[in-house]
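Try each task before you read its solution.

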Amino acid sequence: MRLTKRQWIMFSFFIIYFATIMLLFALTGYIEYLLSNIAVILFLAALYLENSPSSSYVVVLSTIMEVVSLFFGIIENPGIMLTFFGILELVKVVAMGYFAYAYFKVGFRRQNVFIPIVVLSGLLGLYYLFTMIQTMMSIYSFNILNITIITLISLKDLALPAAIITFTFFKRKQSNYLDY
């Protein structure tokens, strides 16, 4: 099976996310951390396996899993939506929802779907990028394990918005040089 460049890029995002989750699970032994990120892992895996007939269903299913997770988080602690973290989670779920709608139903060429996907994912990605830069600048310890974990967590946070934006632009363009 020969992979396209788009699939290699999505595979890279999937590996970054999955490897970080597995490393943190191995270091902490906290199973809830692994289970709470399974929806995003499925989302990125479906983007990697885009030629599969069920990948669009997996994208929609993982988006629904994220919505339900956010909903139960709001029921558990209603004040979370008043915090910046709650707003970021809402932006992530809305961006994933628009993406799943475009991936499953209408395609990426319509402006009323394309613009919200790029804007919401771009804002999320910019926030994670600035957070990564700020965190890297505030490291006082030169312990290689700490620096590696912080870098991997930052890259993990950037993987979802970057994958959504990259896939959206590639699908919108549908260039021939991406599919050989």
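**Exercise 1.** Is Phe 114 buried or exposed?

Solution. The model is predicted. Step one: take the relative accessibility of Phe 114, which is 10%. Step two: apply the cut-off, as buried means under 20%. Phe 114 therefore counts as buried.

**Exercise 2.** Classify the stacking of Phe 14 and Phe 18.

Solution. Start with the geometry. The ring centres are 5.6 Å apart and the planes meet at 10°. Planes under 30 degrees apart count as stacked, so this pair is stacked. Next, place the residues. Phe 14 and Phe 18 are four residues apart in helix H1, so about one helical turn separates them. Then check accessibility. Phe 14 is buried at 16%, whereas Phe 18 is partly exposed at 32%.

**Exercise 3.** Describe the pair formed by Phe 114 and Phe 169.

Solution. The centres lie 5.3 Å apart, with 85° between the planes. The pair is edge-to-face. Phe 114 belongs to helix H6 and Phe 169 to helix H7, 55 residues apart, so the pair links distant parts of the chain. Phe 169 is partly exposed, at 41% relative accessible area. Now look for a charge. The charged end of Arg 172 sits over the ring of Phe 114, 4.0 Å from its centre.

**Exercise 4.** Which residues have the most contacts inside the largest nonpolar core?

Solution. The core has 29 residues, and Phe 43, Leu 47, Val 59 and Phe 99 have the most contacts inside it. Helix H3 gives the most to this core, with eight residues.

How values were computed
Residues are numbered from 1 along each chain as its sequence is written. This is a predicted model: local features need pLDDT of at least 70, side-chain atom pairs count only at pLDDT 80 or more; totals for chains, interfaces and linings use all residues. Side-chain values use heavy atoms; hydrogens and water are left out. A nonpolar core is a set of buried Ala, Val, Leu, Ile, Met, Phe, Trp, Tyr and Cys residues joined through side-chain atoms within 4.5 Å. Buried means under 20% relative accessible area, exposed over 50%, partly exposed in between (1.4 Å probe, protein chains only). Helices (H or I, at least four residues) and strands (E, at least two) are DSSP runs, numbered from the N terminus. Rings of Phe, Tyr and Trp (its six-membered ring) pair if their centres lie within 6.5 Å; planes under 30 degrees apart count as stacked, over 60 as edge-to-face and the rest as tilted. A charge sits over a ring if NZ of Lys or CZ of Arg is within 6 Å of the ring centre and within 35 degrees of the ring normal.
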